[in-house]
Amino acid sequence: MLPNPLALIAEITHRCPLHCVYCSNPLQMAGANSELSTEIWLRVFREAGELGVLHLHLTGGEPLARADLCELIAGAHSANLYTNLITSGIGLSESRLGALVDAGLDHIQLSFQDSREDAANWIAGAQAHAHKVELARAISKHRVAFTVNVVVHRQNLDHLEEMISFIEQLQPDRMEIAHAQYYGWALQNRAALIPTREQLDKTLTIVAAAETRLAGTIRIDSVVPDYYARYPKACMGGWGRRLMLIDPAGDALPCHAAGVIAGLEFDNVRDQSLGWIWRESSAFRRFRGEEWMPEPCRSCERRTEDFGGCRCQAFLLTGDATATDPACSLAPAHRIVEAAVLEVNLGEITSREPENPQPVSASSLRQLQQQTAGFWSYRMNPE
């Protein structure tokens with residue numbers, strides 16, 4: 001029996017004041033004129049509550065760009081959804097923060113790019129760090145759960161201890177140390193973002209020490225980048241198994257990157273109910289179960305734990321969404337990931353600097369996918 005989704009990720013806008021070098025949003029963003037109306041979002045939230053969804057994650061882009069955010073939060077609260085706002089903080093004043101909490105906001109996740117202001121502003125492509133620090137202090141005055149998220153990569157991992165100390169001073173309930181995931185702009189900038197093995201080893205030691213020191217005070221969540229893992233993560237808890245994502249225009253996806261997979265068609269909440277999409281949508285059913293799995297996934301004892309890994313990463317690296325995730329050490333295409341890691345650790349590309357995102361067309365995105373697949377096809381089968 002198909003379980004109900006536990007979480008709904010609502011990308012209420014793709015508008016964003018930042019230009020982060022590791023952004024995993026689609027390179028072709030949805031315009032403001034295509035965004036769902038307040039009324040449709042409120043209907044979606046009601047349907048989510050009726051479907052058994054527990055958590056609503058309001059994200060983007062920058063969700064604060066929506067003038068109706070208070071109304072959306074109030075509607076989610078009425079639908080009995082635990083509401084989490086994932087934000088850069090740009091556009092959030094103390095008065096607006098108070099209004100969001102009064103509307104029913106349960107949790108706020110504030111992102112930081114670094115502990116050092118110059119570096120943080122460079123990574124974000126905007127002068128945002130100082131405002132975030134002041135906002136963190138304002139958040140502590142309200143009865144709302146508070147998480148600080150920092151995306152780590154080769155450009156900032158060498159001062160991870162400093163970043164942890166910086167976050168500690170902001171007094172969050174939870175600290176999330178998130179290694180960059182290689183989709184969107186992070187894939188294009190992967191050569192400058194993958195940490196070295198030495199950096200990763202130090203990271204594990206530093207995080208373990210911080211977890212011991214802050215136990216009972218601040219919870220720390222940290223995940224090893226899958227390029228260094230033996231087995232892939234169960235991406236999003238498995239395709240179409242635990243959550244749904246609605247993009248700004250209303251398309252329903254099993255994960256934030258699913259739109260990169262050629263051949264998938266996504267139903268829209270303007271036309272179908274959330275429940276119908278969860279149960280009947282061809283996109284959600286495409287990689288559920290085990291029938292689609294190739295070997296070695298089909299006979300692997302871990303197939304019910306990691307479900308073959310990430311379908312989007314498999315497509316971006318091999319051109320085949322049904323392939324075993326190359327991050328898996330058992331994958332026929334694992335040499336793709338091994339080659340990328342080897343190049344970083346040999347120091348061949350450490351001088352390359354990441355680029356900040358600029359508007360990119362859909363055709364350019366497809367070209368990037370083709371170039372990536374073609375490059376790795378050559379590496380796997382050199383003449």
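**Asking what the words mean**

Author: We can begin with M236, which is found in the loop between β7 (219-222) and β8 (243-246). The model is predicted: local features need pLDDT of at least 70, side-chain atom pairs count only at pLDDT 80 or more, and totals for chains, interfaces and linings use all residues. Residues are numbered from 1 along each chain as its sequence is written, and side-chain values use heavy atoms, with hydrogens and water left out.

Reader: Why is M236 called partly exposed?

Author: Its relative accessible area is 27%. Buried means under 20%, exposed over 50%, and partly exposed in between, with a 1.4 Å probe and protein chains only. The value for M236 falls in between, so M236 is partly exposed. The backbone of M236 also has phi near 55°, a positive value in a residue other than glycine.

Reader: N80 is another residue with positive phi. Is N80 buried or exposed?

Author: N80 is exposed, because its relative accessible area is 68%, and that is over 50%. N80 lies in the loop between α2 and β3, and its phi is near 65°.

Reader: What makes T147 count as buried?

Author: T147 has 0% relative accessibility, so T147 counts as buried. T147 lies in strand β5 (residues 145-152). Of the 383 residues of the protein chain, 55% count as buried.

Reader: How do you know that the side chains of T147 and H107 make a polar contact?

Author: The distance is 2.9 Å. A polar contact is a pair of N or O atoms within 3.5 Å; within protein, one must be able to donate a hydrogen and the other to accept it, and residues adjacent in sequence count only if both atoms are side-chain atoms. The 2.9 Å between T147 and H107 is within that limit, so the name applies.

Reader: Which residues is T147 in contact with, leaving aside its neighbours within four places in sequence?

Author: They are H107, I108, Q109, L110, P172, R174 and E176. Contact means heavy atoms within 4.5 Å.

Reader: And what does I86 count as?

Author: I86, in strand β3 (residues 82-87), counts as partly exposed because its relative accessibility is 25%. Leaving aside its neighbours within four places in sequence, I86 is in contact with H57, L58, T59, P63 and Q109. The C-alpha atoms of I86 and I108 are separated by 6.1 Å, although the two residues are 22 apart along the chain.

Reader: Why are α1 and α2 called roughly parallel?

Author: Two packed helices are described by the angle between their axes and the distance between the axes. Axes are lines fitted to C-alpha atoms, for helices over the stretch in contact, and angles run from 0 to 180 degrees between N-to-C directions. Helix α1 (residues 38-51) and helix α2 (residues 69-78) pack at about 20°, with axes 9 Å apart. Angles under 35 degrees count as roughly parallel, over 145 as roughly antiparallel, 65 to 115 as roughly perpendicular and the rest as oblique. At about 20°, α1 and α2 are therefore roughly parallel.

Reader: Which residues make the contact of α1 with α2?

Author: T38, W41, L42 and F45 of α1 and E71, L72, G75 and A76 of α2 make it. They divide into five nonpolar, two polar and one charged. Here Ala, Val, Leu, Ile, Met, Phe, Trp, Tyr, Cys and Pro count as nonpolar, Asp, Glu, Lys and Arg as charged, and the others, Gly among them, as polar.

Reader: What makes α6 roughly parallel to α9?

Author: Helix α6 (residues 160-169) and helix α9 (residues 197-214) pack at about 25°, with axes 10 Å apart. That angle makes α6 roughly parallel to α9. In the contact, L160, E161, I164 and E168 of α6 meet T203, I206, V207, A210, R213 and L214 of α9. These residues divide into six nonpolar, one polar and three charged.

Methods:
Helices (H or I, at least four residues) and strands (E, at least two) are DSSP runs, numbered from the N terminus.
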